[in-house]
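User: Please take a close look at one helix and the ligand shell it contributes to. I would like the surroundings described in one connected answer.

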Amino acid sequence: RQELYRETRGEPSVSRDGVSVDLLMNAGLAVDLPQLAESGAAGIGLFRTELQFMVAATFPRAEAQERLYRDVLDAAKEKPVTFRTIDIGGDKVLPYFKGAVNEENPALGWRAIRLTLDRPGFLRTQMRALLKAAGGRELRVMLPMVTEVDEILRAKDLIDREVRHLSRFAHHLPNRVKLGAMLEVPSLMWQLEELMSAVDFVSVGSNDLFQFITATDRGSALLSDRFDPLSPPFLRVLKQIVEAGAKADTPVTLCGEMASRPLSAMALIGVGFRSISMSPAAIGPVKAMLRELPVADLEVCMNGLLQRPNAKHSLRADLHAFAAAH
Ligand code: PEP
Ligand code: MG
């Protein structure tokens with residue numbers, strides 16, 4: 001198998017019936033970068049910038065942030081990289097951050113974009129570091145835990161101000177800045193039109209989206225097998241997101257753990273995703289699956305499964321049967 005994955009590394013990520021799917025990787029530290037070449041990923045679909053903050057003993061200085069971002073872009077060469085602004089708070093605690101508060105439900109608490117809009121110094125420093133590091137190149141940035149579209153507009157305002165500030169001081173700016181949002185809070189499902197027109201791209205955070213849709217703690221060992229993302233309710237949600245993206249002509253990708261397992265990656269392709277981001281070790285197995293996959297047949301099968309009345313809660317067995325038959 002390892003041999004097969006190595007052989008397919010340079011092969012295009014195209015299905016048996018010619019459908020191309022971008023296979024990107026998730027990363028967060030400089031040590032992940034060699035995986036870009038080793039895995040054959042088409043780029044970095046999620047760079048978790050908070051990891052640099054989590055492994056440090058104090059807040060990383062602006063220069064250290066800029067250096068990391070520049071190293072990432074240099075390593076990626078012409079491949080696209082999507083940086084996610086810091087997603088701290090919740091379970092991602094920074095012991096040295098004195099502003100943190102104890103909350104009964106930290107996953108639902110003061111975290112990610114909520115925290116950085118309230119403490120704009122974080123976001124301003126990070127955006128300045130990103131803008132400088134990406135001088136002369138494209139910069140792709142996305143915001144975590146967006147709950148309402150207004151949060152994106154406020155962040156966009158702050159970014160525009162940083163761009164103006166840097167250009168006043170004659171800094172070398174990115175040739176293009178693309179701003180995206182993570183879709184991981186269910187409230188965005190009822191603002192899909194506004195969301196799609198407010199951003200350049202959307203990335204589904206299926207780990208959190210599933211946690212919040214099913215009211216199931218993503219870290220609970222007792223519940224880890226209880227509800228299945230490969231079930232009609234969740235897959236219908238994902239399909240609706242892909243359709244809203246297509247309607248608005250806004251690119252949609254997904255960067256949760258689902259994308260790392262070949263069977264769930266197959267389901268994602270079946271509901272219409274043409275770009276997914278996963279752990280680097282999953283690229284080989286997912287590509288091997290994709291190259292055998294008849295996407296048109298899968299789509300017919302998935303449509304049938306999702307429309308079937310009284311559908312069983314999990315479609316895992318049905319999807320296994322499709323995979324085995326093809
Ligand atoms: C997600 O929620 O699916 C996601 C990709 O972000 P994280 O796992 O870092 O919360
Ligand atoms: Mg998340």
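Analyst: In helix H9 (residues 206-213), the buried residues are Ser206, Asp208, Leu209, Phe210 and Gln211. Buried here is defined as 20 or more other C-beta atoms, placed from the backbone, within 10 Å of the residue's own. Helices (H or I, at least four residues) and strands (E, at least two) are DSSP runs, numbered from the N terminus. This is a predicted model, in which local features need pLDDT of at least 70, side-chain atom pairs count only at pLDDT 80 or more, and totals for chains, interfaces and linings use all residues. Residues are numbered from 1 along each chain as its sequence is written, while chains are lettered from A and ligands numbered from 1 in the order in which they are written.

The cover over the buried residues of H9 includes strands S5 (176-183), S6 (201-204) and S7 (252-254), together with helix H10 (232-248); contact is defined as C-beta atoms, placed from the backbone, within 7 Å. After H9 comes alanine 215, with a positive phi near 50 degrees.

H9 also gives three residues to the shell around ligand 1, the largest share. Around ligand 1 are Leu46, Arg48, Asp87, Glu184, Gly205, Ser206, Asn207, Asp208, Cys255 and Gly256, where the criterion is a C-beta atom, placed from the backbone, within 6 Å. Strand S2 (44-48) and H9 are the elements that give two or more residues to this shell. By class, the shell has two nonpolar, four polar and four charged residues. Nonpolar covers Ala, Val, Leu, Ile, Met, Phe, Trp, Tyr, Cys and Pro, charged covers Asp, Glu, Lys and Arg, and the others, Gly among them, count as polar.

Notes. A residue is buried if 20 or more other C-beta atoms lie within 10 Å of its own, exposed if 12 or fewer, and partly exposed in between; C-beta atoms are placed from the backbone. Two residues are in contact if their C-beta atoms, placed from the backbone, lie within 7 Å.
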